[in-house]
Amino acid sequence: MLLMLPVFAVFAQPCLAGKDVTVTLRLDRTEATLDDSISMVVNVSGTRKTDGRPVIDGVEAFDVNAGGTSTRVEIVNTKVTSGIDHTYTLLPKRAGTFTIGPAKVTVDGNVFQSNAQTLTIAKPGRATGLDRGPVFLEAALSKDEAYVEEQVIYTLKLYTQLGGSDLSLELPADTNLGFRQLGKPTEYDGSHNGRAYHVLEVRYVMVPSAPGQYGVAPSRLRLTVYPARSRRPRGFFNDSFFPFPSGKQKILASDRVNLNVLPLPKEDMPAGFSGLVGSFTMDADLAPGRIASGASATLTVTVSGRGNVKRIPELDLGDLENIKIYADQPVLDETADRMGIRGSKAMKWALVPEKPGRYTLPTLSITYFDPVSGDYRTAETPSLELSVAPGEEREAQAPAPAPTGQIPVASAKKEIRDIGRDILPIHGAIKNMTAVNMRPGRALFLLALLTPLLVYVSTWCGLKLSNKSDASEAAARARKAARAFARQCREGKPNAGQMISVVRMYLNDRFGMTLGSLTPGEAADILQSAGVTKDTAAAL
């Protein structure tokens, strides 16, 4: 059955195509310049075949280069899913803000539509003429003036023409500035001063807690850089055949950026202002809106928006006449995206009316400071009504009093009757309990069921160990020869004649040969026959 699952995935999946098809459009970033290229992927899930390539709206301002198409089949918990990925590269023609998508895909005559994404293209910065080298770090703020508690996007970009690893980032330390990373870093190809770079971008939301002029200190990035393969002829130390690349430790510092933080205006500041800064809305829901007397309804008030959501105040419903109020614990939900922090706070109350009638619930409101308009705004809930109908009244009937002079007689006890038996046997004594032994027939059945699996696993393990032993011996021989070769090249400093001997010894150790002498052509032929690339063989 395990071996048949992949076969089922390949042959049966086309029959299931089109029943649950979804289309998703993804961009590798939402902001770029005219000199950049943007990667776009249209993901089609639920089928391995479409009637044609996707039709994408909103790409008139771009040169669209179609890339490759890849298919996939996944098996998760015996559920078979398949999909197709269409890759494109967008080259912007002009600056502006564009809506990319939706992408429309036709499967078996049915048209499926994806989401859309907003892409902002800016003009490239003016060239300074300063060559910052093959690798450098750049910092930028989304704005240079903000209010206290307002979100500011702090963007770090690592421009590199080299390979790198072991990255360690140190952000500026300031007690009045808080940083929080927004999502995972993104990678793309870009340019700076007319030179092509590979860019690693990471975003943070920075929230100032006090007014003043801030010179945000440089961020520092520690990393190991390696020679770029594309900037010089391909050498044998760049080939995976020689697994010992040499790296250099480097510390990069970004530019210092300035931020002017304004205090919140005291004029028109409402009394008891919580310090909420951003853009927020309120919503209220009463469920159910009509109940019987003695039942309960739930009032839910949700405050949501973008800003310092942790400052959303807890609301007080107050006292309502003829209604008992039971407050629930508020729930705060906070999320981060590329534009900053957004979230919501839900507050609930259980309302239990004591009398029938119609009740008008009071409106609730919050005040927040809008940094875009620079003034204080108020959001409030709509007016809600609760209708309470009369409930069923049940009066408890008291037992009839006994005649005067007589003592009430208690009701006679009833005999216990056995009205049913449990599914499992009930043993009244230990002697009735016996040990349960597996019958021989059942054991033979289980053995017969497991034997094919055990034979398969044993055979697979034996073949794996056999192949692994041969591969391990070859790998150990290759590593030993490579270490000796590198040591003689670096430490011995051989001349041209000695280098011929070093190469011959390496080939003998690496491939188990007995070469006495060789020409450059023979050395290249030996390496290429072993799978080494032509460029590496020619360089050696």
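Trainee: Okay, Tyr147 then: does Tyr147 count as buried or exposed?
Mentor: Tyr147 counts as buried, because its relative accessibility is 19%, and buried means under 20% relative accessible area, exposed over 50%, and partly exposed in between, with a 1.4 Å probe and protein chains only. Before we go on, keep in mind that this is a predicted model, in which local features need pLDDT of at least 70 and side-chain atom pairs count only at pLDDT 80 or more, while totals for chains, interfaces and linings use all residues. Residues are numbered from 1 along each chain as its sequence is written, and side-chain values use heavy atoms, with hydrogens and water left out.

Trainee: Which aromatic cluster is Tyr147 part of?
Mentor: Tyr147 forms one aromatic cluster together with Phe273, Phe369 and Tyr376. Rings of Phe, Tyr and Trp (its six-membered ring) pair if their centres lie within 6.5 Å, and planes under 30 degrees apart count as stacked, over 60 as edge-to-face and the rest as tilted.

Trainee: And how many aromatic pairs are there in the whole structure?
Mentor: A search of the whole structure gives ten aromatic pairs. In one of them, Phe136 and Tyr159, the ring centres are 4.8 Å apart and the planes are at 10°, so the pair is stacked. Phe136 belongs to strand S11 (residues 135-141) and Tyr159 to strand S13 (residues 152-160), so the pair ties together parts that are 23 residues apart in sequence. Strands here, like helices, are DSSP runs numbered from the N terminus (helices H or I, at least four residues; strands E, at least two).

Trainee: Are those two buried or exposed?
Mentor: Phe136 is buried, with a relative accessible area of 4%, and Tyr159 counts as buried at 6%. Another pair is Tyr147 with Phe369, whose ring centres are 4.8 Å apart with planes at 70°, so that pair is edge-to-face. Tyr147 lies in strand S12 (residues 145-147) and Phe369 in strand S29 (residues 365-370), so this pair ties together parts that are 222 residues apart in sequence.

Trainee: Changing topic, where is Ser114 found?
Mentor: Ser114 sits in the loop between strand S9 (110-113) and strand S10 (117-122), and Ser114 is buried, with a relative accessible area of 9%. Its side chain reaches the backbone nitrogen of Ala103 at 2.8 Å, a polar contact, meaning a pair of N or O atoms within 3.5 Å where, within protein, one must be able to donate a hydrogen and the other to accept it, and where residues adjacent in sequence count only if both atoms are side-chain atoms.

Trainee: What about Gln117, which strand does Gln117 lie in?
Mentor: Gln117 lies in strand S10 and is partly exposed, with a relative accessible area of 22%. The side chain of Gln117 reaches the backbone nitrogen of Leu27 at 3.5 Å. The C-alpha atoms of Gln117 and Gly101 are separated by 6.5 Å, although these residues are 16 apart along the chain.

Trainee: Last one, how many helices and strands does the protein have?
Mentor: The protein has five helices and 31 strands, and of its 540 residues, 33% count as buried. Among contacts (heavy atoms within 4.5 Å) between residues at least 6 apart in sequence, 71% join residues at least 24 apart.
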